[in-house]
Amino acid sequence: MSDIPVPAFAGVTGGMDPAGWDALARDHFYSSVNWLRFCAGDRGITTGGLHLEAPGAGTVAVPVTAVRSIGNPFYQWDRILGEAGLPSPGPSGLLVGAHRGYQASILASPGITREQAAKELLGSLEDLAGELAAVGAEGLGPAGASNGRGAGTVPTVAMFLSTPDVVALRAAGVQAMPVALQPDAWIPLPEDGGWDEWLGSLPSKRRAGMIRRDRRNFLEVGYEIVHTTLGECYLQAAHLLACTERRYGHDADVEDLAESIRIQSEALGADARVLLLRRPGEDPVGYCLYYMWGDTLYLRAAGFDYDRLAGAAEYFNLVYYIPVIIARENGMRWLHAGIEAAEAKVLRGAELRPLWMLDLSRDSVLADRGDDVRAYNAGMVARWGESSPAVAKALARDLWDPFC
């Protein structure tokens with residue numbers, strides 16, 4: 001039960017019927033009810049949902065999160081803005097979107113334009129921020145003079161928005177310029193056919209040849225793939241994820257990871273699908289967690305026991321190639337590969353779409369810093385492009401350029 005006496009936090013959908021909410025989230029897995037239920041298990045966070053009826057048109061909605069503190073650095077807007085040399089509304093407040101998944105989306109009934117939905121939501125979000133300030137929700141109190149905001153308001157920040165949603169919100173009255181966060185990797189899949197047709201759709205024969213070689217080497221080892229659910233293997237997944245975290249210099253407590261993965265498995269049930277990689281009769285050496293929602297297969301997590309791998313492109317096979325086959329068998333049109341490791345994803349056909357932070361507050365501290373934000377965004381895009389020629393070509397420039 002929520003500790004915030006505001007209707008939007010009466011459960012993860014703000015009291016809306018879960019089936020109705022999921023009908024709105026038809027193309028957006030990270031706004032779905034069960035994903036939000038998983039998110040609701042974290043400390044320092046209260047998950048809710050804002051929804052309203054658009055006159056004569058249907059329903060619009062968006063997940064909302066009351067953030068007192070957050071451990072994931074990708075969601076720490078105060079830190080991100082500080083490192084960018086930009087003013088911040090403070091570290092706590094109302095997050096528009098879930099605090100996991102790296103995607104926030106405006107949800108609307110068919111027939112409601114994105115622009116209409118944004119206009120309806122923006123006024124309601126402002127009202128919600130006022131309600132939170134009025135009830136004095138602990139840890140979400142009015143921002144003080146130190147960050148330049150007036151009294152009586154709670155910062156309202158959307159994280160990981162798409163360009164179309166940013167454009168719609170700014171058309172609805174948002175004054176701040178969006179701040180670039182990360183490139184988001186989407187691998188398109190052919191409408192017809194399977195593996196061979198996907199290889200033929202790649203932008204170069206060299207990449208297709210590299211992938212064929214990866215696949216051939218992998219098959220020669222004699223691994224077997226076990227299809228299961230996260231609930232059936234969460235302890236094994238925690239061990240393998242800890243191996244990967246430690247390989248990249250991160251602290252990893254297996255018991256903590258196991259508990260988080262168990263909560264995810266309970267919230268998502270059979271939708272939390274896992275590929276386990278092992279030699280016959282042995283413990284797994286790798287796992288990949290994925291979800292299928294709408295027309296997209298979402299890659300979520302992976303882990304490997306590196307000391308036991310054969311050096312046969314296990315990562316690329318388990319995380320990309322086998323999911324491509326599964327996605328096409330199920331009629332999926334996209335493989336969502338998410339943020340980070342952009343070059344590896346681009347070499348397997350990904351396009352890189354922007355994800356943005358947008359301060360929705362009427363008195364945003366970024367409202368008069370548009371030129372500075374544009375310069376920061378342009379610098380980030382330039383650095384990503386300079387990281388490799390393949391990444392530079394994969395950046396969806398028509399989606400980045402409006403705010404650079």
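How many bridges join strand 6 to strand 11, and do they run parallel or antiparallel? I began with that. The model is predicted, and I kept that in mind as I went.

**Entry 1: strand 11**

I found four bridges between strand 6 (residues 179–188) and strand 11, and the two run antiparallel. I then looked for a residue pair. Ile187 has Leu335 of strand 11 as its bridge partner.

Next I checked strand 10 (residues 296–304). It pairs with strand 11 in the parallel sense, over three bridges. Leu297 is bridged to Leu335 of strand 11.

**Entry 2: helix 8 and helix 9**

I moved on to the helices. The axes of helix 8 (residues 230–247) and helix 9 (residues 254–268) come within 8 Å. They cross at roughly 140°. The two helices are therefore oblique to each other. Helix 8 passes helix 9 in a right-handed crossing.

I listed who makes the contact. From helix 8 I wrote down ten names: Leu230, Gly231, Tyr234, Leu235, Ala237, Ala238, His239, Leu241, Ala242 and Arg246. From helix 9 come Val254, Leu257, Ala258, Ile261, Arg262, Gln264 and Ser265. I sorted the contact of helix 8 with helix 9 by class: 11 residues are nonpolar, four polar and two charged.

**Entry 3: helix 4 and helix 5**

At what angle do the axes of helix 4 and helix 5 cross? I read roughly 60° for helix 4 (residues 114–135) and helix 5 (residues 163–171), with the axes coming within 8 Å. That makes helix 4 oblique to helix 5. The crossing is right-handed.

Helix 4 brings Arg114, Glu115, Ala118 and Leu122 to the contact. Helix 5 brings Pro164, Asp165, Ala168 and Leu169. The contact of helix 4 with helix 5 has five nonpolar residues, three charged and no polar.

**Entry 4: Trp195**

Last, I picked one residue. Trp195 lies in helix 6 (residues 195–201). Which residues does Trp195 touch, leaving out those up to four places away in sequence? I found Ile211, Arg215, Tyr321, Val324 and Ile325.

I followed up on Val324. Trp195 and Val324 are 129 residues apart in sequence. In space they are 7.2 Å apart, C-alpha to C-alpha.

Conventions
Residues numbered from 1 in each chain as written. Predicted model: local features only at pLDDT ≥ 70, side-chain atom pairs only at ≥ 80, totals over all residues. Heavy atoms only, no water. Axes fitted to C-alpha atoms, helices over the stretch in contact; angles between N-to-C directions. Parallel < 35°, antiparallel > 145°, perpendicular 65-115°, else oblique. Left-handed = near helix turned anticlockwise from the far one by under 90°. Contact = heavy atoms within 4.5 Å. Nonpolar A, V, L, I, M, F, W, Y, C, P; charged D, E, K, R; others polar. Pairing = 2+ DSSP bridges.
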